[in-house]
Amino acid sequence: MTSFFDSIRRHGNRRPATEVFSEWADAGRDVEMQNHHAPAVDEMLAAALAVLPPTRGFTAIDAGCGNGWIVRRLRALPACEAATGVDGSEGMIAKARQIDPSGDYVLGDLMAWRPARPVDLVVSMEVLYYMQDPTALLRTMATHWVKPGGHAVFGIDHYAENRDSLTWPGDVGVHMTTWPEQRWFAALDDAGFTRLRTWRAAAKPGHAGTLAMLVSTRGARD
């Protein structure tokens with residue numbers, strides 16, 4: 001059976017990742033992405049929810065929301081007061097709005113977009129390494145997206161220790177920033193986050209797992 005990553009290895013020239021994602025949305029590969037990433041995201045959300053204050057509601061943003069499945073999962077939680085999905089892919093945002101017309105899904109450049117107000121939790125799965133300067137995006141999130149004392153959880157499958165992922169930039173035909181784990185951790189520190197936990201989510205024999213990073217911002221939660 002053809003694997004998800006085998007099925008997307010089609011393009012030899014570098015193209016905008018958002019363009020490729022729109023093609024995947026049109027082809028229905030957003031559902032494959034959701035199913036592929038769900039086990040790691042389950043771990044990431046459990047870790048993030050465990051550090052949120054249990055007596056208060058929370059607001060959230062999913063950075064690179066794709067078809068919005070994490071937004072819908074968050075919004076289904078009793079403590080979630082609001083959840084917004086942001087993505088640069090027109091096709092993915094169109095799919096999210098089609099599935100969930102009442103949801104809050106924003107088409108925007110993650111590097112330039114700012115929320116109306118910062119939130120308690122930012123979630124991002126398989127997005128950071130598509131940035132030319134991931135530290136700049138992390139710094140923007142720490143400064144403008146997350147409340148003082150709030151939290152974020154990031155997951156990436158493309159990192160230097162995951163050898164199976166090292167051919168992906170050429171296979172998919174898009175830019176990917178290839179850093180070892182320690183470089184990713186340093187980027188979190190440089191951006192102004194405090195690391196709470198890092199681990200390999202959904203790791204299993206033959207799969208290095210998702211590099212998961214749970215962080216907080218400095219200062220009292222307002």
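Begin by selecting strand S4 (residues 119-125) and strand S5 (residues 146-156), which run parallel and are joined by six bridges. Helices (H or I, at least four residues) and strands (E, at least two) are DSSP runs, numbered from the N terminus. Within this pair, Val-123 has Val-153 of S5 as its bridge partner.

Before continuing, please note the conventions. This is a predicted model, in which local features need pLDDT of at least 70 and side-chain atom pairs count only at pLDDT 80 or more, whereas totals for chains, interfaces and linings use all residues. Residues are numbered from 1 along each chain as its sequence is written, and side-chain values use heavy atoms, with hydrogens and water left out.

**The sheet**

Next, display all strands. Seven of them form an open sheet with mixed pairing, in the order S3-S2-S1-S4-S5-S7-S6; two strands pair if DSSP finds at least two bridges between them. S3 and strand S6 (193-201) are the edge strands, each pairing on one side only. On average, neighbouring strands of this sheet are turned by 15° against each other, direction ignored.

Strand S2 (residues 80-87) and strand S3 (residues 104-107) run parallel and are joined by four bridges. Thr-84 has its bridge partner in S3, namely Asp-104.

**Helix H6 and helix H8**

Select helix H6 (residues 134-145) and helix H8 (residues 181-191). Their axes come within 8 Å and cross at roughly 40°. Axes are lines fitted to C-alpha atoms, for helices over the stretch in contact, and angles run from 0 to 180 degrees between N-to-C directions. H6 and H8 are therefore oblique to each other; angles under 35 degrees count as roughly parallel, over 145 as roughly antiparallel, 65 to 115 as roughly perpendicular and the rest as oblique.

Show the side chains at this site. Pro-134, Thr-135, Leu-138, Arg-139 and Ala-142 of H6 meet Arg-183, Trp-184, Ala-187, Leu-188, Asp-190 and Ala-191 of H8, where contact means heavy atoms within 4.5 Å. The contact of H6 with H8 comprises seven nonpolar, one polar and three charged residues. In these classes, Ala, Val, Leu, Ile, Met, Phe, Trp, Tyr, Cys and Pro count as nonpolar, Asp, Glu, Lys and Arg as charged, and the others, Gly among them, as polar.

**Helix H2 and its two neighbours**

Then select Trp-24, Ala-25 and Ala-27 of H2 with Arg-29, Asp-30 and Met-33 of H3, the residues that make the contact. They divide into four nonpolar, no polar and two charged.

Finally, return to H5. H2 and H5 pack at an angle of about 40°, with their axes 6 Å apart, and are therefore oblique to each other. Phe-21, Ser-22, Trp-24 and Ala-25 of H2 make this contact with Glu-90, Gly-91, Met-92 and Lys-95 of H5.
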